[in-house]
Amino acid sequence: MEKTLYQIFKTFFKVGTLLLGGGYVILPLLQSELVDKKNWINDDELCEYYALSQSVPGIIAANTAIFVGYKLRRTAGAFAATLGIVMPAFISIIIVARLLEEIIKLKFIQSIFWGVGIGVLILIFLAVKEMWRKSIVDKFTCWIFFITFILSACFKAPPAALIILAIFIGIWLPFQKKIEYGDKEE
Amino acid sequence: MIYLKLFLEFFHIGLFSFGGGYATLPFLYHIADVQKWYTTKQLSDMIAVSSITPGPVGVNVATFAGFTTAGVTGAFVATASVILPSLIIIIIISKLLEQFRHNKYVQSVIYTLKPAGCGLLAAVGVDMFINNINLFGMVLLVGLFIASITEKRDPLFYLGVSALVGLIAGFFNLTG
């Protein structure tokens, strides 16, 4: 399949439309669209982009799209992929947001949202669990987790300040003696 | 100038949120506290809607918050600004991919950033829990929790079940 900018846009638009309930499903979706159907990249490359997407700031699904878009057609490809993955979200929210103020008054809609709010709590719990598995590898990272958690939950510290603090600690660490990233390899 | 403020707020979300779409939530709560563009109640409705509409949740909720703050233009500014840092950073990283991965400072920063992102999200989870939960909600939550540990399920499963239970609970006035 030809890798025109329009093709890239179209592919990610399709993936963006199918993405419901959080970015977790992007990997299987991209596998079927990019690896199996279009043969644009291979499984190894996709997994590498997905892993890298979690190490840079931003929304993981969008990050993965940008990596793949760049790989296919450089900067223009990155823009085409971004536009594709963002557009379905943008359009659907613009439509729904206009209606929300009206429908939110309906009692059964409020009940549904109440329920979905509880469902989101579970999704957040699962996201924390998954992030914990990948990030808390030793005592030091465990300390970072709890300090960030307490400063944010109890003292309402601005999130960006805590992230910058973590970045500084990260830069400062290699100046200390040799550190191990995790007690042992997983 | 509301659009400039929106740009700055959402650009900084895109730049500092680590750990995916839900990692943007701590920042959006912070905005609700500081800027007062929307209330935390409105934000939890936006999150509920964003979870069940197509697209990455992080993008949905940014679009939504932008729309609530300043209409369609606001939505556009917020969405573009939240994506822009990723676009810039990834284009640069892709150009330097090989050197980047084995640099000890980069590795060390990733090592400290991930638990911080995780801690921020956990704080949001606790906050949402305290603000939204009632007795029946607790029952639903425990049910979903048990479902989540017995088997790996699609996110839509939890959202579908909880929407349905919410709808039924509404008839019996259990959601208040």
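This is a predicted model: local features need pLDDT of at least 70, side-chain atom pairs count only at pLDDT 80 or more; totals for chains, interfaces and linings use all residues.
The expected span of a helix is 1.5 Å times one less than its number of residues.

Now let's step back and look at the two chains. Chain A has 186 residues, and its secondary structure consists of seven helices and zero strands. Its C-alpha atoms fill a box of roughly 50 × 50 × 25 Å along the principal axes. Chain B has 176 residues, with eight helices and, again, zero strands. The C-alpha trace of chain B spans about 60 × 45 × 25 Å along its principal axes.

How confident is the predictor? For chain B, the mean pLDDT is 89, and 98% of the residues reach 70 or more. Within that chain, confidence is highest in helix α1 (residues 2-16) of chain B, at a mean of 95. Confidence is lowest in helix α5 (residues 97-102) of chain B, at a mean of 71. For the complex, the predictor gives an ipTM of 0.83 and a pTM of 0.82.

Next, see where the chains meet. The contact takes 82 residues from chain A and 90 residues from chain B. On the side of chain A that touches chain B, the elements giving two or more residues are α1 (5-18), α4 (60-103), α5 (107-135), α6 (139-153) and α7 (159-172) of chain A. The largest share, 24 residues, comes from α5(A). Sorted by class, this side of chain A has 59 nonpolar, 20 polar and three charged residues.

Let's return to α1(A) and ask which of its residues are buried. They are Ile8(A), Phe9(A), Thr11(A), Phe12(A), Val15(A) and Gly16(A). These residues cover an arc of only 165° around the axis, so they are on the same side of α1(A). What covers them includes α2 (26-37) and α4 of chain A.

A helix of chain B can be read in a similar way. Helix α7 (residues 135-150) of chain B has 16 residues and reaches 23 Å from its first C-alpha to its last, close to the expected 22 Å. In α7(B), the buried residues are Gly137(B), Leu140(B) and Leu144(B). They cover an arc of only 65° around the axis, which puts them on the same side of α7(B). On the other side of α7(B), you will find exposed residues: Leu135(B), Met138(B), Val142(B), Ile146(B), Ile149(B) and Thr150(B). The cover over the buried residues of α7(B) includes α5 of chain A, together with α6 and α8 (155-171) of chain B.

Now zoom in on one residue, Cys118(B), in helix α6 (residues 104-132) of chain B. Why does Cys118(B) count as buried? A residue is buried if 20 or more other C-beta atoms lie within 10 Å of its own. Cys118(B) has 28 other C-beta atoms within 10 Å, and therefore it is buried. Leaving aside neighbours within four places in sequence, Cys118(B) is in contact with Val128(A), Met131(A), Trp132(A), Ser135(A), Ile136(A), Phe145(A) and Gly19(B). Gly19(B) and Cys118(B) are 99 residues apart along the chain, yet their C-alpha atoms are separated by 7.1 Å.

Finally, let's visit the largest nonpolar core, which has 107 residues. The residues with the most contacts inside this core are Ala62(A), Ile66(A), Ala81(A), Ile124(A) and Leu121(B). Helix α4(A) gives the most to the core, with 19 residues. Take Ile124(A) as an example: beyond its neighbours within four places in sequence, Ile124(A) is in contact with Tyr22(B), Leu121(B), Val124(B) and Gly125(B).

Methods: Residues are numbered from 1 along each chain as its sequence is written. Chains are lettered from A and ligands numbered from 1 in the order in which they are written. pLDDT is the predictor's confidence in each residue, from 0 to 100. Helices (H or I, at least four residues) and strands (E, at least two) are DSSP runs, numbered from the N terminus. A residue is buried if 20 or more other C-beta atoms lie within 10 Å of its own, exposed if 12 or fewer, and partly exposed in between; C-beta atoms are placed from the backbone. Two residues are in contact if their C-beta atoms, placed from the backbone, lie within 7 Å. Ala, Val, Leu, Ile, Met, Phe, Trp, Tyr, Cys and Pro count as nonpolar, Asp, Glu, Lys and Arg as charged, and the others, Gly among them, as polar. The arc is that of the directions from the helix axis to the C-beta atoms. A nonpolar core is a set of buried Ala, Val, Leu, Ile, Met, Phe, Trp, Tyr and Cys residues joined through C-beta atoms within 7 Å.
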